[in-house]
Every structure is written in structure tokens, then in C-alpha cells.
Amino acid sequence: MDKLTIAGRTFDSRLLVGTGKFSSPQVMAQALVASGAQIVTVALRRVDIDNPADDTLREIDRDRYLLLPNTSGARDAEEAVRLSRLARAATGIEWVKLEVTPDPYYLLPCPVETLKAAEILVKDGFVVLPYINADPILAKRLQDVGTATVMPLGSPIGSNQGLKTRVSLEIIIEQSSVPVVVDAGLGLPSHVAEAMEIGADAVLVNTAIATAADPVEMAAAFKLAVEAGRKAYEAGPRAPTRNAEASSPLTGFLRDS
Amino acid sequence: MQALLSWECFLFLWVSRMKSLKVNGVERQFAPDVMPGTLSALLEMLGVGPATVVAEVDGRIVRRDEFHQTQIKDGQQIELIKLMGGG
């Protein structure tokens, strides 16, 4: 499997993993190891003053994983920029997964505010990985303003519905000059294999791993699926055909006519 | 009546001496002798532990390594933010 390069940094793994919803920091740490991930997403929230020592991320080895803070909870560009700057101050790194989701029911990203925030953050020196709907035009606009990737969704966050946006994802992949990371809604290893087979550069999974009955086994399954899908893509899959194409020779049958 | 007024007067004077900070959206009162002088002192008082905490003081971002030299004053709005699990 060839390597993934984002903003000049090279990664062996093409599976990004989110750190939300795990039952304990220990399970999360074991699942991250099993996933082989090198980039893990984190969120920013107020310290709970009633439980001020709580630190769910204490088990994350910062030398092993690149922390990718997200701007989840931001409803507009201004909030996303504020969260990004706080994340930079907290982590000392300039990578940010830009999420602007004003609608709490489907958590779909706002294209207008996302593009606006991306422009500001790129100018401010951030490596911006924007979460977007699978909109090829928006993906091009974002890459034109200098985002490091685009992260189109397969289906709504945490919905486990798989690649509902496949036709648009194929167009984005065809047109993109930056890595395409398919994010959100990937509920099964077969979903990520499909994304990788059509040429996605990477995928991001959180809910499907964190909420599985055995998150560590599920993380291992997603790792295998990402590798299988990527290898298949690199091997050059054949397009489907309407008619049958015999695999066995069409001569030498045991009959006379 | 005289006594009641004095008590109210005392209460008013006492309350007016109190310092306040708005921390993560909640107003907190501090007697002058325990009012934390720096962000580090505030975190220690509240028992805030995680290494990834970052602060905003009246909208200005303050890194953790600047907490000990960041003076805080009566009436300021302080946000204490940390990294946590997320997708």
C-alpha cells in the first residue's frame, strides 16, 4: 500500500480514527493501536468545573498520533475560527478539521460558512481539513483557497448508512488535486472498502468503532478493510459490464456442435 | 430597626468587597483574600487537571505555559477549554 501524504506529512495508515464515544480511555487506546491509525481527531469543550480533573485523552500517546482537533459545535465561521485558534493554543499544532454544522438534527455542514472559515484559517497559517457535503463544486472551491484535503461525507455523521453519496464522491475524487478523506456515516468495514476502492485517499471512522460491542476487534476489521480497498484500487479494478463474460474458455467443450 | 439597617449595611459592604469572575459561563464570587491573582492560581483552586487546558480571558487566548504570568482581575470572563474525545 502506498503512503498517504497530507500537507507534506507522510502517513503509512489511511485510516483516521475519531476519539469520541469510547466507553473508557483504556478501550480507546487499545482500539487506536488495533486500527493502526496515525491521525486521531479530538474535540474542544469547556472544562467541566464539577469534574475538573477528568481527562479522557490521557491515554493517547502524543508521540505516536497526530492529534487533529475538530471544530465540532461551531455553527458559523466565526465560532469555527475561534475554536481553531484555541485548538492551536492547546496542541501547538496548526492542523484543524474544520466542521461547521448549524443543523443539530442531521449535522450537515454549511458550505457557505465552511468556505468562509477555510479562507480565514488558511491565511492564518492553518492546515485545514474541511468536512463537507459531497459537493464537487465546493470541494474545488476549497482546494482553490488552499485546504490540505477535502473531507466529504458518505452519509450523516454517526448514521452508519455507508456511501449514500457515492456518485458525487466519484466526481470529487476524479477532480481533486488534494487528498480526499471520506468522513462520516461509514458504519461497516465494507463501507470503507468501497470508499477506498473508488479511489478515496483515506477515510475517517469514529462511531462504528467506538460503539461496537468490541471496539478493538472492530478497529482491526476497519484497518483490514482500508488496506483491502486501497490495494484493490491500486491493482486497477475492472468496470462492471451488463453481460456475462466467461471466465472459463469458450472452446473445447465436450460436445460436437 | 436600627439593628436591621446596620446588618443590611454590613451585608452591602461585605458583598461589595467580594470579587467576581465569570468562569465557563458561571458567575463565581471570591472574598478578597482568596481571589486568585493568576490563571494558575484559579486552576489550582478549581482543581482543573488536564494538561491540554487552554484559556480565554475576556476573549484573549492564553496558552497553558502563560497561565502563571497571566494576572486576573475582578469582573473578567474566563473560559477554560480542554481537548476531549471527538470525531
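How many bridges pair E6(A) with strand E7 (residues 127-132) of chain A, and is the sense parallel or antiparallel? The legends below take this up after an overview.

**Figure 1. Overview of the predicted complex and its confidence.** This is a predicted model, in which local features need pLDDT of at least 70, side-chain atom pairs count only at pLDDT 80 or more, and totals for chains, interfaces and linings use all residues. Residues are numbered from 1 along each chain as its sequence is written, while chains are lettered from A and ligands numbered from 1 in the order in which they are written. The predictor assigns the complex an ipTM of 0.84 and a pTM of 0.90. For chain B the mean pLDDT (the predictor's confidence in each residue, from 0 to 100) is 85, and 84% of the residues of chain B reach 70 or more. Within chain B, confidence is lowest in helix H1 (residues 2-17), with a mean of 65, and highest in strand E3 (residues 54-57), at 95.

**Figure 2. The overall form of chain A.** Chain A holds eight helices and 10 strands, where helices (H or I, at least four residues) and strands (E, at least two) are DSSP runs numbered from the N terminus. The C-alpha atoms of chain A fill a box of roughly 85 × 40 × 35 Å along the principal axes. Of the 257 residues of chain A, 46% count as buried, a residue being buried if 20 or more other C-beta atoms, placed from the backbone, lie within 10 Å of its own, exposed if 12 or fewer do, and partly exposed in between.

**Figure 3. An open parallel sheet in chain A.** Three strands of chain A form an open sheet in the order E6-E7-E8, with parallel pairing, and its edge strands, E6 (95-98) and E8 (151-152), each pair on one side only. Four bridges pair E6(A) with E7(A) in the parallel sense, two strands being counted as paired if DSSP finds at least two bridges between them. In this pairing A:Val96 stands opposite A:Val128 in E7(A).

**Figure 4. Strand E3 of chain A and its partners.** From strand E3 (residues 15-18) of chain A, A:Leu15 and A:Val17 point one way and A:Leu16 and A:Gly18 the other way, and all are buried. E3(A) pairs in the parallel sense with strand E10 (residues 202-205) of chain A over three bridges, and A:Leu15 has A:Val203 as its bridge partner in E10(A). E3(A) also pairs in the parallel sense with E4(A), over two bridges, where the bridge partner of A:Val17 is A:Val40.

**Figure 5. The largest nonpolar core, seen around A:Val203.** This core has 94 residues, and those with the most contacts inside it are A:Leu98, A:Val192, A:Val203, A:Val205 and A:Phe222; a nonpolar core is a set of buried Ala, Val, Leu, Ile, Met, Phe, Trp, Tyr and Cys residues joined through C-beta atoms within 7 Å. Helix H2 (residues 77-91) of chain A supplies the largest share of this core, seven residues. Apart from residues up to four places away in sequence, A:Val203 touches several residues, including A:Leu15, A:Val181, A:Val192 and A:Val226, contact meaning that the C-beta atoms of two residues, placed from the backbone, lie within 7 Å.

**Figure 6. The contact between chains A and B.** The contact takes 29 residues from chain A and 21 residues from chain B. Strand E5 (residues 77-85) of chain B gives the most to the side of chain B that touches chain A, with seven residues. Strand E4 (residues 39-46) of chain A and E5(B) run antiparallel and are joined by five bridges, and A:Arg45 stands opposite B:Lys82 in E5(B).

**Figure 7. A hairpin in chain B.** Strand E1 (residues 19-23) of chain B is joined to E2(B) by five bridges, and the two run antiparallel, with B:Phe30 in E2(B) as the bridge partner of B:Lys19. E1(B) and E2(B) form a hairpin with two residues between them, and B:Asn24 in the turn has a positive phi of about 50 degrees. Strand E2 (residues 26-30) of chain B is hardly covered, the count of buried residues among its five residues being zero.
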